[in-house]
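Here is a short report on one protein model. Please read it with the coordinates open.

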Amino acid sequence: MSNSACCFVFLGLLSGSGVLAEPIKVAPANPHYYFYQGKPILLITSAEHYGAVINRDFDYVAYLDALQAHGLNYTRFYPGAMFEPAGKFMAGNTLGPKPGSLVVPWARSDTPGYRLGGNRFDLDRWDPAYFARFRDFLAQAGRRGIFVEICFFNSQYEDTWPLSPLQAGNNIQGAGRCDWRAAQTLKESDLVGRQDAYVRKLTQEANSFDNVILEICDEPGHIGTGFDLSGPWVAHLADVVLETERSLPKKHLLAQEVDGPLGGPVDFAADPRFTVIVGQYIWGHDQGEMGGMKGLDFKYKDNKPIELNETGYFPLWYAGDKVADSRVEGWEFIVGGGAAFNHLNGLFTVENPAGKTPENERVLRALSNLRRFMEGFEYVRMAPDKGFLVSGASAPEFHRALGEPGKQYALYIHHSSEKVGGSYTVVPGDYREKLVVKLPPGRYHAEWVDPETGSVRSSEELTHEGGNRTLKTPAYKIDIALKIKRVL
């Protein structure tokens, strides 16, 4: 064997072992999905409130073990530019660490006066302890098959900006002399330079990890900054990421939430710099986040993965059967063509990092069932099929379907009302329906699946001549899923 042939074989073995692995990317066969280590992959989770790295008290290994045990493979975190007062929203909020438990990218100076106690930050020096924790979190997640979205910023609020190391009173350089509404704009060049350095450093530190997606900012415009000011700031930071990775070995996906009106200053869905489209909550409105479902309806045409990467804060922002409310939004989004779903879960706390409660077990199991349901299809061959369900579902109902014409179909139906504020409230009943679906001629196997338990409720073989076909659902209380595959 020649030396060149030996080299080729050796490189092939390294590639198969993962040594030459590349980061998660867009699926070549279908740009609406992700692809990793030679296979398409969906990202589905119920995750903590973004404080896993900055909160020293949080046992992230126990947390990641809990996700892995339930077959969930996705989490997000904020790296330190923005965090919340302890106890904001609910007790146990991981994004609100105790003052002595806070660790951020910047080292402390010798000058006292940080608002939460201790010395101010020195923005010219990085904290090695923080980056050791940062890298270990990414590594621990990777060992468990969990992908991490690093969201550099969230919109500042009136109560968060005074705590940020980037605010003038908290650092010895005096950077960040603006108020919270201008903190994430291009108005103050010195502050922007510090934000650039922060994004550049985090991008560099994450570069060697394949289980990473980079994200610029949650809700950048509608909280107080304004879309006209936040849009150019987001675009500027995207350029910082791309320029930083240009000289680095690996290139990562870059995500951004559509905030405000579609087509507005913070709608980067069609911008080639961004590879992932982000929606939050189920529908959204023109003055705030684009909901995930709205993203499926209006942004699918941009041919990128669409994420619903933040729901209402469970259990605080849900009503009635909160577990079922959470289940139906995940199932509808993913069966509708979404690439990633993150249920925001307040049951993961410092005191209970694995989120061990009976209701959380039900939440995690339902999302695990969703992943298994979808992995029963060649979903990269499928696309949203708005004509598949012709009629028959009882109001109030929402449904989504995916199809590969004549070969495979997925349908999900739930009975809910939409809560103003971005979540569903399920409407339980005694549902047994005759659904009319549209199918090409052929022989098919059909299964009705219970999303809560993952069990097959009933199945049948179909020989169909084409056109409309009536199918009877089993009795169900809230939601039901249908899997149809052609019998060859």
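## Basis

This is a predicted model; local features need pLDDT of at least 70, side-chain atom pairs count only at pLDDT 80 or more, and totals for chains, interfaces and linings use all residues. Residues are numbered from 1 along each chain as its sequence is written, and side-chain values use heavy atoms, with hydrogens and water left out.

## Cores and surface patch

The largest nonpolar core has 116 residues. Such a core is a set of buried Ala, Val, Leu, Ile, Met, Phe, Trp, Tyr and Cys residues joined through side-chain atoms within 4.5 Å. Buried means under 20% relative accessible area, exposed over 50%, and partly exposed in between (1.4 Å probe, protein chains only). Phe134, Leu138, Ile150 and Phe152 have the most contacts inside this core. Helix H5 (residues 227-246) gives the most to it, with eight residues. Helices are DSSP runs (H or I, at least four residues), as are strands (E, at least two), numbered from the N terminus. Apart from this core lies another, of 19 residues, including Leu389 and Val437.

Leucine 262 sits in the loop between strand S10 (254-257) and strand S11 (276-279). Its relative accessible area is 31%, so leucine 262 is partly exposed.

## Salt bridges

The model has 27 salt bridges, each a side-chain nitrogen of Lys or Arg within 4 Å of a carboxyl oxygen of Asp or Glu. Lysine 88 pairs with aspartate 159 at 3.1 Å, N to O. The two lie 71 residues apart and link distant parts of the chain. Lysine 88 is buried, at 17%; aspartate 159 is partly exposed, at 31%.

Aspartate 210 and lysine 250 form another salt bridge (2.7 Å, N to O). Aspartate 210 is in the loop between H4 and strand S9 (212-218) and lysine 250 in the loop between H5 and S10, so the pair ties together parts 40 residues apart in sequence. Aspartate 210 is buried at 12%, and lysine 250 is buried at 18%. Arg76, Glu149, Glu215 and Asp218 are linked in a salt-bridge network.

## Aspartate 325

Aspartate 325 lies in helix H7 (residues 322-335). Its relative accessibility is 0%, so aspartate 325 counts as buried. A polar atom of its side chain lies 3.5 Å from the backbone nitrogen of alanine 319. Beyond neighbours within four places in sequence, aspartate 325 contacts Tyr318, Ala319, Tyr424, Thr425 and Val426, contact meaning heavy atoms within 4.5 Å.

Conventions
A polar contact is a pair of N or O atoms within 3.5 Å; within protein, one must be able to donate a hydrogen and the other to accept it, and residues adjacent in sequence count only if both atoms are side-chain atoms.
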